[in-house]
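Please work through each task before reading its solution.

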Amino acid sequence: MNMWLSHHWHAFFLALQRLVDSPLASLLNIIVIGVAFSLPTGVYMLLGNVQSFSGQLSGAPQLNVFLKLGTGKDAIEKLESHLKQHPQIENFRFLSKDKALEQLKQRNGMAGAVNSLTRNPLPDAFIIDAKRISPETLKRLRNEMLKWPDSMHVQLDSDWMERLNALLKLGQIALLILTALLSFALIVVTFNTIRLQILTKRNEIEVSKLIGATSNFIRRPFLYFGAIQGVAGGAIAWLIVALVINLINSELMNLVHLYAVDFQLHHISFEDSISLLLFSSWLGWAGAWLSVASHLWQIEP
């Protein structure tokens, strides 16, 4: 066990030494990897923030049933009785047209327009909370309420949420495609870097094989080199995204204050950060393994 650990420590420090021996080339490769991975990381972070913000805005979706103008008190009481007995309705409240007009009047800039009205144009309405908030249930309830005799219009608050979720799903697909393409690019960069190292260390590899070094012993430093380069690129990507978030948030605060909205971009979570580093390290290792498997066997003493 101690010998196995000793071999891996030796390979790890040898990989670090090779990074130090060519600092400029190693730094450029790491920056390229970091910039490439900052793109999908930034998109992932942005999608997560938008999804979280939309959830804060939406709350529980409601159904607004607007009654026909001139609906009588008896019809309203009959609807209330029906809503109380409905198995899919959690609770509801009645909003009279007079109260709705008063609420409209209290909004900024609307008092003058409301006072100029000769009559109340607003309808009576019921605001309904369903027991289940699945899209299918809400749509079924809306279609049912549209058939009520005194129903003029039924508005479902989650309509805009469905459109937003559709856009978010499209963004997730684009994120997967972007991640796949850039992951392939990272593997190619690592593959070529390790290939050049193998050619540079050809004489050293031949001597190692002559004195009995196994293929695993020769392969390990190259694999560690690819993994270290990958994880360093992931760290650069994390730093780039963190810097961009700080720059955007400083300007975003001025914008959201104008709309009285509490919103700011949050960095990716600790778990996602660890996943980013592990994934980038694995891609670097994979690129190194492919390169070693393709070229190391060609070198024989």
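**Exercise 1.** Determine how the residues lining the largest pocket of this predicted model divide by class, and where they come from.

*Solution.* Step 1: sort the lining by class; eight residues are nonpolar, three are polar and two are charged. Step 2: state the volume of the largest pocket, which is about 380 Å³. Step 3: identify the residues closest to the centre. Of the 13 lining residues, these are Phe 66, Leu 95, Ala 100, Gln 103 and Arg 107. Step 4: assign the lining to secondary structure. At least two residues each are supplied by strand 1 (62-67), strand 2 (89-95), helix 4 (97-105) and strand 3 (125-130).

**Exercise 2.** Describe the second largest pocket by volume, lining and contributing elements.

*Solution.* Step 1: the space in the second largest pocket amounts to about 300 Å³. Step 2: its lining consists of 13 residues, and Pro 40, Thr 41, Tyr 44, Thr 179 and Leu 276 lie nearest the centre. Step 3: by class, eight of the lining residues are nonpolar, four are polar and one is charged. Step 4: helix 2 (23-58), helix 7 (159-200) and helix 10 (270-295) each contribute at least two residues to this lining.

**Exercise 3.** Which members of the largest nonpolar core touch the most other members, and which elements supply the core?

*Solution.* Step 1: the largest nonpolar core has 16 residues, and those touching the most other members are Leu 63, Val 65, Phe 126, Ile 128 and Met 145. Step 2: strand 1, helix 3 (73-85), strand 3, helix 6 (135-146) and strand 4 (151-156) each supply at least two residues of this core. Step 3: examine Leu 63 in detail. Beyond its neighbours within four places in sequence, Leu 63 has contacts that include Phe 126, Ile 128, Leu 138, Met 145 and Val 154. Step 4: look for a further core. A second, separate core comprises 13 residues, among them Ile 33, Ala 237, Leu 265 and Leu 283.

**Exercise 4.** Is Glu 80 buried, partly exposed or exposed, and which residues does Glu 80 touch beyond four places in sequence?

*Solution.* Step 1: locate Glu 80, which belongs to helix 3. Step 2: apply the cut-offs. Buried means under 20% relative accessible area and exposed means over 50%; Glu 80 has 24% relative accessibility and therefore counts as partly exposed. Step 3: leaving out residues up to four places away in sequence, Glu 80 touches Phe 92, Phe 94 and Phe 126. Step 4: compare sequence and space for one of these pairs. Glu 80 and Phe 126 are separated by 46 residues in sequence, while their C-alpha atoms are 8.8 Å apart.

Key:
Residues are numbered from 1 along each chain as its sequence is written. This is a predicted model: local features need pLDDT of at least 70, side-chain atom pairs count only at pLDDT 80 or more; totals for chains, interfaces and linings use all residues. Side-chain values use heavy atoms; hydrogens and water are left out. On a 1 Å grid over the protein atoms alone, a cavity is a set of points where a 1.4 Å probe fits but cannot get out, and a pocket is an open set with protein on both sides within 12 Å along at least five of seven lines; lining residues have an atom within 4 Å of a point. Grid points are joined across faces, edges and corners, and a volume is the space filled by probe spheres set on the points. Helices (H or I, at least four residues) and strands (E, at least two) are DSSP runs, numbered from the N terminus. Ala, Val, Leu, Ile, Met, Phe, Trp, Tyr, Cys and Pro count as nonpolar, Asp, Glu, Lys and Arg as charged, and the others, Gly among them, as polar. A nonpolar core is a set of buried Ala, Val, Leu, Ile, Met, Phe, Trp, Tyr and Cys residues joined through side-chain atoms within 4.5 Å. Buried means under 20% relative accessible area, exposed over 50%, partly exposed in between (1.4 Å probe, protein chains only). Contact means heavy atoms within 4.5 Å.
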